[in-house]
Amino acid sequence: MSIDGNGPIGSERDRKEVLAGRVASPGTFFLLRLRGLDIVGLHNASMPASMPPWWHYVPRSMADQPVRMLPSLSVSGLWRNRGPAGEAWPAFPRKPVPYKELPLLGGRRKKNTATSFPSPPAGEGNKECVPARGASRDGGKGTIALARRRGRDVFFEALRQEGVDHLFGNPGTTELPLMDGLPFQTDVRYILCLHEDVAVGAAMGYAASTGKVGVVNLHVAPGLAHGLGNVYNAWRSHIPLVVTAGQHDTPFQFEEPILWGDMVAMARPLTKWSYEVRTTDELGPAMQRAFKVAVTPPQGPVFLSLPRDVLLEETERPLPPPTPRYFAPVAQDDALRQIARLIAEADRPVLVVGDGVSRSGGWDEAVALAEAAGMPVRNEPLPHLFNFPTDHPLFLGPTPVNRRGIEGAFAGSDLVLMVGVSNQAPGAMYDGRPTWLEGLRVVYLGDAPWELAKNAPGLMAVLGDPKGSMAALRGVIAATWSAEEKERAARRAEAVARETEARRREDRQLAAAAGRAEGDGVPVRELLLAIQPALPRETVVVNEGVSNGFLVQRYLEHPVPGSYVGSRGGSLGYGASMSLGAKLGRPDRPTLCISGDGALLYYPQVIWTAAHHRIPVTFLVLNNSSYRILKLNFQAMGGDAPARGLYPHTDITDPAVDFAALARAFGVPYRRIERLEEAQETIAAALAEEGPVLVEALVERSV
Ligand SMILES: Cc1ncc(C[n+]2csc(CCOP(=O)(O)OP(=O)(O)O)c2C)c(N)n1
Ligand SMILES: [Mg+2]
């Protein structure tokens with residue numbers, strides 16, 4: 001629950017306030033003062049009829065908890081200094097009582113002092129919620145919960161059941177029923193974003209950093225339209241999202257009121273499932289299905305339209321329990337044997353790891369497979385994630401996005417094993433030939449059937465969970481390769497390791513020689529090499545570097561799972577937005593967001609959300625005062641304008657954007673990198689700040 005929009009109950013701040021407050025147990029209720037409000041909860045007990053519906057149940061897992069755990073638990077109700085019937089609650093004593101001396105409800109002291117709620121065991125379903133005795137349907141046995149509560153409370157129950165603790169959104173009148181429920185639940189923190197596309201991007205970042213589903217609530221039709229850029233990115237990047245939007249009351253829609261639109265149709269082409277919930281009874285099952293569809297491979301966004309009446313009306317229907325989602329159909333043994341044979345017979349096999357590897361949790365399996373088979377490794381082009389430790393001796397680097405780059409990357413390879421790769425054309429420039437090389441001998445393995453061999457035909461397309469299938473493939477290699485074949489693989493691995501080491505030496509020399517190269521601004525490659533030592537290993541780099549995006553992939557390390565977050569969609573305005581959710585999902589990891597100036601200027605108000613909710617992201621803007629990529633692409637296209645040195649409407653000058661003023665406007669500190677030697681220290685200092693910081697680097701402009 002968020003009170004006054006200041007974050008969820010359970011924060012350190014609450015702990016201090018509870019220390020200063022007092023819990024009393026008048027009968028079976030508990031009472032405490034938090035953030036200046038008197039909060040009353042019902043503790044698995046009899047239930048006055050005058051209570052509003054959300055009091056009718058408490059989670060079973062809470063029923064036995066001593067009240068001293070309250071800061072991490074659900075509080076069932078909230079009142080401002082009076083009870084539901086208007087009567088005054090007992091006054092709080094003036095003198096604080098120490099936290100540990102708070103009386104325990106039910107008198108039982110549990111050893112368990114965990115700070116989070118255990119989720120119900122699979123199959124227990126709604127036994128998690130026990131009704132108040134007066135409200136139960138089974139003579140008070142308390143085993144089924146048929147509590148009446150509003151639709152919007154069911155919405156929050158669904159989030160809690162999925163372990164989703166952040167909801168990103170931008171509200172309007174049609175979202176007020178949901179907002180009205182926010183103060184009465186403790187599990188979800190609402191993050192206010194000042195544009196719907198920011199909210200969707202933040203949910204994407206949250207999904208990327210937690211592996212959970214990102215949930216976002218948008219305003220009705222035009223609000224959804226605002227968010228579709230990032231829904232597009234999520235769709236191309238296979239990011240599991242439950243995108244919701246408020247809709248007008250079902251009977252009102254006939255009149256086509258202001259802001260109304262057919263949102264189901266709007267969202268359909270970019271989602272796996274798009275649906276308008278018709279009744280409050282249907283809401284729980286619809287939420288359950290939405291989560292299921294979003295996470296089933298290939299993952300992706302789903303959309304639910306939530307009419308106001310659906311959220312405001314009451315239902316007794318229990319929320320369906322989550323279906324345990326265990327997805328591990330390992331590729332068939334016969335197929336794995338054929339793949340193992342193809343690798344054994346190849347001279348220069350290469351492994352390409354795609355986002356499906358990270359999503360299946362398969363980093364270790366990819367490393368073990370590459371080592372066993374002596375295969376050098378590349379990350380897939382235009383990745384959403386990095387899928388192999390970049391500091392591993394077998395790692396060759398990222399894959400370029402255009403035909404020429406791909407030709408170079410795979411020159412001489414006689415077998416490419418692509419695991420968990422999205423097979424889209426990753427670049428935006430067509431040069432008259434297919435991006436993926438005809439004639440390349442490719443084996444596809446992954447859990448997204450549509451992607452397998454989608455563009456270039458291959459030797460084999462094999463359906464299977466990346467993690468499990470790579471582990472099994474390694475097993476087949478170990479069991480079936482001859483000693484000679486294993487020896488050959490080991491020699492290959494050694495040769496690759498030597499190449500990798502030579503490349504790393506070159507990088508270090510570049511970094512050391514940097515500084516001399518500065519012409520019309522700080523050179524970006526050298527800038528990245530210079531800041532690398534300031535980045536702790538756990539750092540999450542969110543990349544929207546656009547013309548410099550490939551350098552971010554290539555010259556920064558992404559050594560552990562989750563180190564890199566990008567988008568496969570290319571709809572600008574995702575980076576800074578995603579970094580909000582990425583940091584909220586993993587507050588323990590330093591988060592550096594690298595954006596082009598043009599990219600950041602899609603939604604500079606992201607910085608306000610970071611400041612308001614105190615989300616300590618370092619925003620590094622690579623300011624070249626231009627849409628540089630468009631100049632480069634103009635040159636590649638060879639049009640009439642660039643032949644005369646003209647690049648119409650690609651400069652962000654006159655006036656130049658004042659990023660220092662922008663930082664000031666949103667209330668965050670500002671730092672500037674004008675020279676390469678300032679870079680490392682500036683980034684280290686920014687990352688060490690407690691809150692968000694905007695760092696502007698004046699980078700080279702030349703094309
Ligand atoms: C929503 C959206 N609108 C427009 C574009 C077209 N576009 C692609 S790159 C780019 C410019 C990016 O400029 P900047 O972020 O400064 O990066 P730079 O090219 O300078 O490195 C634009 C406008 C896009 N990809 N997405
Ligand atoms: Mg730029």
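Okay, let's begin with R433: its relative accessible area is 33%, so it counts as partly exposed (that's between 20% and 50%, with buried under 20% and exposed over 50%, using a 1.4 Å probe and protein chains only). Quick caveat: this is a predicted model, where local features need pLDDT of at least 70 and side-chain atom pairs need 80 or more, while totals for chains, interfaces and linings use all residues. Residues are numbered from 1 along each chain as its sequence is written, and side-chain values use heavy atoms, leaving out hydrogens and water.

So who does R433 pair with? Its partner is E407, in a salt bridge at 3.3 Å, N to O (meaning a Lys or Arg side-chain nitrogen within 4 Å of an Asp or Glu carboxyl oxygen). E407 sits in helix 13, residues 403-409, and R433 in the loop between strands 16 (415-419) and 17 (442-446), so the bridge ties together parts 26 residues apart in sequence.

Over the whole structure, the search gives 33 salt bridges. One of them, D153 with R152, has its closest N and O atoms 3.0 Å apart, and both residues are buried.

Now, the greasy part. The largest nonpolar core has 83 residues, with F619 and L694 touching the most other members; a core is buried Ala, Val, Leu, Ile, Met, Phe, Trp, Tyr and Cys joined through side-chain atoms within 4.5 Å.

Methods
Chains are lettered from A and ligands numbered from 1 in the order in which they are written. Helices (H or I, at least four residues) and strands (E, at least two) are DSSP runs, numbered from the N terminus.
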